Amino acid sequence: MGMSIQQIIFMVLSVVALVSALGVVLSKNPVTSVLCLIVTFFTIAGHYIMMNAQFLAVVHIIVYAGAIMVLFLYVLMLMNLNADLEPQKRNWLKYAGAISGGALLVVLVAALRDASMPALSTNPTDIGLIKNLGMVLFKQYVVPFEVSSILFLSAMIGAVVIGKKE
């Protein structure tokens, strides 16, 4: 019983996501950590595409890998990250972090031990397609959509007014 191509792609994306997520946490260099986080975001978007949620994948890439990661990189470049000026962490603080992380792991394992996983259906669905999202958005939720567009327009006008004041 061999593995299908979707299972292989899922396994590869999962391994890359886990390795890059560990790179985020374990990296000493903050720029390397941010780059590993970008790789993690792209692999999560790959998982979204495999679940037939193309719109969510595109929005995830645009918002997280685009805007938020650029913001993180600007903050890192503006910070003074000299290792000489960094205060030394106390040993008891490291132990407290390890103990609280272990306690969190025990709680998560205890909570997930009794959890049940529903069976996955193998037939393709049209849930995450952009066409269906657009139909629901412009038929069922047209008033909240227009209200949010007015809210965004007023926020942009406010930003321009604040920017013009000297």
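1. Helices α1 (5–26) and α2 (30–50) each supply at least two residues of a nonpolar patch. Helices here are DSSP runs of H or I with at least four residues, strands are runs of E with at least two, and numbering starts at the N terminus. Keep in mind that this is a predicted model, where local features need pLDDT of at least 70, side-chain atom pairs count only at pLDDT 80 or more, and totals for chains, interfaces and linings use all residues. Residues are numbered from 1 along each chain as its sequence is written, and side-chain values use heavy atoms, with hydrogens and water left out.

2. So who is in that patch? It sits on the surface and is formed by M3, I5, I8, I9, F10, M11, V12, V16, V39 and M50, with about 860 Å² of accessible area together. The largest share, 7 residues, comes from α1. To join a patch, a residue needs over 30% relative accessible area and no salt bridge; nonpolar side chains (Val, Leu, Ile, Met, Phe, Trp, Tyr) are joined within 5 Å, and like charges within 9 Å. Areas come from the Shrake-Rupley method with a 1.4 Å probe, and for residues only the protein chains shown count as cover.

3. I8 is in helix α1, and its 38% relative accessibility is why I8 counts as partly exposed. F10 is also in α1, and F10 counts as partly exposed because its relative accessibility is 41%. The labels work like this: buried is under 20% relative accessible area, exposed is over 50%, and partly exposed is in between (1.4 Å probe, protein chains only).

4. What does F10 touch beyond its neighbours within four places in sequence? The partners are H47 and M50, where contact means heavy atoms within 4.5 Å. There is also G46, 36 residues from F10 along the chain, with the two C-alpha atoms separated by 8.6 Å.

5. Now look at V24, another residue of helix α1. V24 counts as partly exposed because its relative accessibility is 22%. Not counting residues up to four places away in sequence, V24 touches S33, C36, L37 and T40.

6. Stepping back, the protein has 6 helices and 0 strands. Of its 166 residues, 14% count as buried. The protein exposes about 13800 Å², and carbon and sulfur atoms supply 74% of that area. Among contacts between residues at least 6 apart in sequence, 54% join residues at least 24 apart.

7. An unreviewed UniProt entry lists "transmembrane region" for residues 6–26, 33–51, 57–80, 92–112 and 141–162. Such annotations may be inferred rather than shown by experiment, feature names are shortened, and positions follow the numbering used here. In the model, residues 6–26 are 100% helix, with end C-alpha atoms 30 Å apart. Residues 92–112 are 100% helix too, and their end C-alpha atoms lie 30 Å apart.

8. Last, confidence. The mean pLDDT of the protein is 84, and 87% of its residues reach 70 or more; pLDDT is the predictor's confidence in each residue, from 0 to 100. Among the elements, α1 has the highest mean (94) and α5 (residues 130–139) the lowest (83).

Definitions and conventions:
A salt bridge is a side-chain nitrogen of Lys or Arg within 4 Å of a carboxyl oxygen of Asp or Glu.
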